[in-house]
Amino acid sequence: MIEMIRNIGRYTLDTIAGAGKSLLMLFGALAGKPQPAKSWPLFIQQMYVVGVLSLLIIIVSGLFIGMVLALQGYTILIDYGAEQSLGPMVALSLLRELGPVVTGLLFAGRAGSALTAEIGLMKATEQLSSLEMMAIDPLRRVIAPRFWAGFVSMPILALIFSAVGIYGGFLVGVQWLGVDDGAFWSVMQSSVDWYDDILNGIIKSLVFAFVVTWIALYKGYNCTPTSAGISSATTSTVVTASLAVLGLDFVLTALMFG
Amino acid sequence: METLVEIDDVKFSHGERLLYDGLSLTVPRGKIVAVMGPSGIGKTTLLRLIGGQIRPQQGSIKVAGHNIPTLSRSDLYQVRKRISMLFQSGALFTDMTVFDNVAFPLREHSKLPESIIRTIVLMKLEAVGLRGARDLFPAELSGGMARRAALARAIALDPELIMYDEPFAGQDPISMGVIVKLIRELSSSLGLTSIIVSHDVKEVMSIADYAYIIANKKVVAKGTPKELDENASGIVKQFMRGEADGPVPFHYEADDYFDDLLEGSK
Amino acid sequence: MESRKTQLSVGIFVVLGFAALLFLGLRAASSSVSTGEETYQLYAKFDNIGGLKVRSPVKVGGVVVGRVTSITLDGEYYEPLVEFTINKDYDDFSETSSVSILTSGLLGEQYVGLQPGFIDDSMGMLEDGDYITDTKSAIVLEELIGQFLFSQGEG
């Protein structure tokens, strides 16, 4: 019994210490006066690694999820003779939920794990230490550009995901199942709102981007610098980041649409 | 003789493990000083203490008159520009070519034009014999070559002090010879001060001007290689000759052997 | 060379993102009565607004001309005061126009129906900030049922 309470206490302390350390890391990376001339090329490089290289999986998943939504939605809506509502159903589920959430999950799996592994490896091979000994702050040199690249590229990926998904829904709904072309778009337009749906979706994906990138970078920066440590840190990034996305999604949805 | 590094009465513990208790040593300018000792006593930690990556619980560490543990961040970075460190793994940046690796500290810390940087980089690479390998990536280098490339990067900014962390570990005899030669040449031609942390007694003794042996959390012996060779104290003898058992016991601390065995049959 | 290729692909990536945003904004979302267009405000007091919400549409003969922008309680009797934001393209409503709160379909959303009044030289036109006095409140199903039962009981 006492053992259990002690474990709870230790777990709580560890969590608080981890949160503090990760905050310090983020603060160290982002505070201080910016040096655009030096950071810009690093940022672009990371945008490529984090954003462009995730594009393929985002487009493919977006297309398929849009198509499946249209297929599933159609079979339900046709029973009520409401197949014209297919457009808003696909668009709203993508813009409000699936776009930001699925992008967040895929991003955690694709880019987040890669970030953790890369930084963990840099730590294990003493590259981070060596930067420090060269009087270059690894937080600002290594962590900061990766953070900004993740923060900027994930909302872009989420937008592309939603757009491609809606197009996938259009392909299945209109081209294949024969929902009226005009009705598909016009009913969608009358129910999708700039602020409520598109902007809130973007805000969601910004929050997810912040959290996922932060977790991935912290797990890498704080990992045990051995191969076992890196692999468990990578797993932990994907699990923690995915749970964080799902949990935050509930909170944000309650705040925005509740 | 001017002192470049002066460590005085340092106490440092890593977690609950006490590594150093009352450690003191000095490094004169322009000399090669070796720090030796059995593995697991935190020799790398000593270099990190000098570089200011970690702080001791007690004592002072002075590099060129600056007390490292008390420096502010920006002052510490100023001091670090004057020292450099060769890591055991080389720690080359894996996403850059050898050329870019050597150019990296120059591009970061000097405002030199690219043409001059190119000249400097090629000179440093020539000094370690890797001018022809400039376009290779670290993954394409052998262990010995990677360490030489890292050495070229370490001397890119012409530091006053260079710290070698186990430079001979895991090297074949030829690359070991190459590195011994390089360290000796660099320190004599550039007037570098070197600190070598190692347990390869033979190689270290062939180049060091002065050596410290650390064991049991403090310096147990010091002197020129010749003096150490003649040292009669048990621990020094054991270490210099590589004997399995002695003052540094073969066995990790444990309960009585027979009691331990009998425990199971009770 | 490497970095130019990187820059190019990052550029394409960002442009794709903007294209997606544009597609979503123009193709998927409604573009009517955005804040960019010129609008003016009208007010009306109701006895009961039923399920009317901010952002509910204001329709003339089924065509959306504006939206509800705020709902407050006004005056010492706490009457619901509704503010409409109407597109400037439709600014020729006479003072005799009336508004009623209607429901689209049996179970649908509630919206505001604006019935333009007759135009006559003696009548003024509604301008920004004016009140529409002729209002019909929302039909509340429970009250209707109550009235029906009451009249049954009397008869």
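Predicted model: local features only at pLDDT ≥ 70, side-chain atom pairs only at ≥ 80, totals over all residues.
## Where chain B meets chain A

Let's start with who is touching whom. Chain B brings 25 residues to this contact, and chain A brings 14. Together the two chains bury about 1,800 Å², with 54% of that area on carbon and sulfur atoms. If you're wondering about the unit, the size of an interface is often given as the accessible area lost when the parts come together.

## Charges and polar contacts between B and A

How many salt bridges are there between chain B and chain A? The count is three. You can look for one that pairs B:Arg48 with A:Glu126, where the closest N and O atoms sit 3.8 Å apart. There are also 10 residue pairs in polar contact between chain B and chain A, counting pairs with both residues at pLDDT 80 or more.

Now for the parts of chain B that do the touching. Three helices each supply at least two residues to this side: helix 1 (43–51), helix 2 (73–80) and helix 3 (98–109). The largest share, five residues, comes from helix 3 of chain B. Sort the residues on this side of chain B by type and you get 11 nonpolar, six polar and eight charged.

## Where chain A meets chain C

Move over to the other interface. Here, 27 residues of chain A are in contact with 20 residues of chain C. The area buried between chain A and chain C is about 2,100 Å², and carbon and sulfur atoms give 75% of it.

## Charges and helices between A and C

What is the salt-bridge count between chain A and chain C? It is zero. As for polar contacts, one residue pair turns up across the interface of chain A and chain C, with both residues at pLDDT 80 or more.

On chain A, helix 2 (36–51), helix 6 (138–176), helix 7 (181–191) and helix 8 (194–221) each supply at least two residues to the side that touches chain C. Helix 6 of chain A gives the most, with eight residues. By type, this side of chain A splits into 19 nonpolar residues, six polar ones and two charged ones.

Note on methods: Residues numbered from 1 in each chain as written. Chains lettered and ligands numbered in written order. Heavy atoms only, no water. Contact = heavy atoms within 4.5 Å. Buried area = accessible area lost by both parts, 1.4 Å probe. Salt bridge = Lys/Arg side-chain N within 4 Å of Asp/Glu carboxyl O. Polar contact = N/O pair within 3.5 Å; in protein donor to acceptor, adjacent residues only side chain to side chain. Helix = DSSP H or I, 4+ residues; strand = E, 2+ residues; numbered from the N terminus. Nonpolar A, V, L, I, M, F, W, Y, C, P; charged D, E, K, R; others polar.
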